[in-house]
Amino acid sequence: MIVTSALDPAIERPRIERILASEDIVAALPWHSMNTSAATTPAGQALEATRPRAAAGSRGLDRLLSTRADTVGERELPRGSPDASKRSDAPRRPRVVIVGGGFGGLATARTLARSDVDITLVDRTNHHLFQPLLYQVAIAGLSPSEIAAPIRSILRRQPNVSVMLAEVVGVDFERRRLRVTGAELEYDFLVLAAGGRTSYFGHDEWAAVAPGLKDLDDALDIRRRVLMGFERAEKELDPARRRAQLTFVVVGAGPTGVELAGAIAELARFALARDFRSIDPSAACVLLLEGGPRVLPTFSPKLSERAARQLARLGVKVRLDTRVTSIDASGVQTSSDRIDADTVIWAAGVGGSPLAASLGVPLDRAGRVLVEPDLSLPGHPEVFAIGDMAAFLHQGGTALPGVSPVAMQMGRHAARCIRARLAGGASSPFRYTDRGTLATIGRSAAVAKLGRLELSGWPAWIAWLFIHIYFLIGFRNRVVVLLEWAWAYFTYQRGARLITGRKP
Ligand SMILES: Cc1cc2nc3c(=O)[nH]c(=O)nc-3n(C[C@H](O)[C@H](O)[C@H](O)COP(=O)(O)OP(=O)(O)OC[C@H]3O[C@@H](n4cnc5c(N)ncnc54)[C@H](O)[C@@H]3O)c2cc1C
């Protein structure tokens, strides 16, 4: 059933009363269909917002049927509405709206689990994505469902949260309303956790020929391009074209670039090595271009050096101090030469979310929202920006790194500030606790900085492996990923080598 207009109580009441009387309300009500229309239909949104209370019986039913407003939330009736009187006696719980079901947004929602608030979490996708393992999808090591989980299912046991699938298009700070596609949501507290986006440093035209890696669509696009490179080369008779088809360029030697380059080299040398007849996949050329003087510039020079050695062992050619000046469908022009390559992957820049740019608030050069010490927006203590979307300059003067622990700690802190304000107190300044950084390069190859301890090679790889399994959401995902990795480790194979997508 698709809800396309406000519900008519006369028609819907008897039907819903029957459903509420049944034992399995969640199964009986067509929530999924309602959610599909939630982004555009006030009635659908209202139903979704009241879902946790529907089981409470007719009081929940009254609320369910009487909501008419073009805003979402069960008590947001327009002034003068005939239904307003029915609910005026019910004390209104503070409304917390969270934008984004990534690391930051989920941490905020979970920290408020026991708080007396109504939370609406809005995301334009229906899943939480574990971005640190995206590169594994891009190189056919894992399938999308193994690194993502439906946000509804993650939060299903938290009754004070409603999840809405919708794109947020703006915020009216004065009226305290969030604009989502086709509707508005009122809030008392707003937490903006919309993440970031791939930045091409003013060359957005490169996106078509050099995809970045930010979401599942990007990962599947890269997987298709990489696997198609080998397929095309197998059919190619011209040696120069074949060389270009077997040349894979990764731009940017930060953690994502290093992971991708190492993984493509492993794919070529091991997983594909014996599967082709006309070409030798292990002869593929994997180039890692870096504009600066070393790989993994955020690690110590010693670990950068070790990472470069491990990349070389895998057959990755690293070119340092090499600036990319243009990219087209047949290759890359650098500050020193031209590289003919059919597959170019962009791993050089991350910028602020487009939503940040639409807010009309001060941003840093990367397009992230400049936040106060407590993570709130200047002049709007009820609005917080966290995670990749925020530039926090109050600890050491430079922005905190765009990594998941920062987003999670910020998410928890924003929730604590909200709780403090609701209790009549003041919010406190945020402080990030850095527990370490890791980057993987390939099989038994990684670097790690954990406190003062610097590791590389097998011990760092084992630490990387277990930390990622630990933070992956969902027991099933943890088990499946562990099994996939064990299988890949012993067989050198990749389990998700499918070419999908419209372009052949
Ligand atoms: C390829 C890659 C590898 C990485 N590897 C690591 C790593 O190894 N370790 C590490 O710590 N960090 C890593 N990171 C960084 C880490 O993933 C981010 O720092 C973290 O995801 C930030 O969390 P967040 O909540 O701010 O944003 P995100 O996790 O990006 O979540 C943002 C959410 O907001 C939603 N959204 C965005 N715009 C809108 C809108 N307008 N309306 C509605 N919803 C919206 C998105 O759908 C998304 O669900 C990696 C990132 C990438 C891309």
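How many residues lie between β8 and β9 in their hairpin? Let's find out together. The turn holds 2 residues between the strands, and G182 in the turn has a positive phi of about 85°. The strands, β8 (residues 177-180) and β9 (residues 183-186), pair in the antiparallel sense over 4 bridges, and R179 has E184 as its bridge partner in β9. Two strands pair if DSSP finds at least two bridges between them.

A word on the model before we go on. It is predicted: local features need pLDDT of at least 70, side-chain atom pairs count only at pLDDT 80 or more, and totals for chains, interfaces and linings use all residues. Residues are numbered from 1 along each chain as its sequence is written.

Now the overall picture. The protein has 17 helices and 26 strands; these are DSSP runs numbered from the N terminus, with helices being H or I of at least four residues and strands E of at least two. Of the 504 residues, 47% are buried, meaning that 20 or more other C-beta atoms, placed from the backbone, lie within 10 Å of the residue's own.

Next, please look at the open sheet. Its 6 strands come in the order β6-β3-β2-β10-β22-β21, with mixed pairing. Contact here means C-beta atoms, placed from the backbone, within 7 Å.

On to helix α10, residues 216-235. Its 20 residues reach 29 Å from first C-alpha to last, close to the 28 Å expected at 1.5 Å a residue; the expected span is 1.5 Å times one less than the number of residues. Buried residues in α10 include L220, R224 and L227. The buried residues of this helix pack against α8, α11, β12, α12 and β18.

Finally, the ligand. There are 34 residues around the ligand, and the closest are G100, G102, G104, G195 and G387; a residue counts if its C-beta atom, placed from the backbone, lies within 6 Å. By class, the shell has 16 nonpolar, 13 polar and 5 charged residues. Nonpolar covers Ala, Val, Leu, Ile, Met, Phe, Trp, Tyr, Cys and Pro, charged covers Asp, Glu, Lys and Arg, and the others, Gly among them, are polar.

Methods:
A residue is buried if 20 or more other C-beta atoms lie within 10 Å of its own, exposed if 12 or fewer, and partly exposed in between; C-beta atoms are placed from the backbone. Two residues are in contact if their C-beta atoms, placed from the backbone, lie within 7 Å.
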